[in-house]
Amino acid sequence: MDGRMLIFFVESGIYLVLAVVAFALEAWAFFDCLRHKANAFEAVSKRTKTFWLALTGGAFAVGLFSLLSQLGSGGGASSLGIFGLAAVTAASVYLADVRPAVKDAGRGRNMGPYGPW
């Protein structure tokens with residue numbers, strides 16, 4: 001086995017792992033968005049549920065396509081490039097910013113200016 005083949009296999013493995021991790025993140029964001037009530041999004045001023053469903057759903061679709069193209073191509077770089085990066089970014093924004101706020105609003109606790117009471 002020459003050096004180029006070894007580099008190809010290592011590179012293919014890294015791209016596959018990255019595609020699986022990105023898809024898992026995008027799937028988590030989409031299915032988490034599905035389970036929250038629409039009024040929770042508006043209560044915390046985080047756009048609408050429809051907006052976040054469209055964004056995370058698009059990210060989920062791009063992630064699925066990226067993963068399938070990675071598995072089908074036999075390795076190498078994915079052809080999605082900037083779209084894959086945008087999909088991971090959208091899912092990450094949802095999980096880091098919107099999800100905690102919506103999750104707290106959905107609990108139904110009374111929130112005062114300094115926290116729950």
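Reader: How many helices and strands does the protein chain have, and in what order do they run?

Author: This is a predicted model. The secondary structure of the protein chain comes to 4 helices and 2 strands. From the N terminus on, the order is α-α-α-α-β-β.

Reader: Which element gives the largest share of the largest nonpolar core?

Author: That core has 10 residues, including Ala29, Cys33, Trp52, Tyr94 and Leu95. Two or more residues come from each of α1, α2 (38-43) and α4 (82-105). The largest share is 5 residues, and the element is α4.

Reader: Which residues does Val102 contact, leaving aside its neighbours within four places in sequence?

Author: Val102 belongs to the largest nonpolar core. Ala40 and Phe41 are also members of that core. With those neighbours left aside, the contacts of Val102 are His36, Ala40, Phe41 and Val44.

Reader: Is Leu6 buried, partly exposed or exposed?

Author: Leu6 is found in helix α1 (residues 3-35). Buried means under 20% relative accessible area, and exposed means over 50%. Leu6 has 47%, so this residue is partly exposed.

Reader: What share of the accessible surface of the protein chain belongs to carbon and sulfur atoms?

Author: Buried residues make up 32% of the 117 residues. The accessible surface of the chain comes to about 7,400 Å². The share of carbon and sulfur atoms is 69%.

Conventions. Residues are numbered from 1 along each chain as its sequence is written. This is a predicted model: local features need pLDDT of at least 70, side-chain atom pairs count only at pLDDT 80 or more; totals for chains, interfaces and linings use all residues. Side-chain values use heavy atoms; hydrogens and water are left out. Buried means under 20% relative accessible area, exposed over 50%, partly exposed in between (1.4 Å probe, protein chains only). Accessible areas come from the Shrake-Rupley method with a 1.4 Å probe; for residues, only the protein chains shown count as cover. A nonpolar core is a set of buried Ala, Val, Leu, Ile, Met, Phe, Trp, Tyr and Cys residues joined through side-chain atoms within 4.5 Å. Contact means heavy atoms within 4.5 Å.
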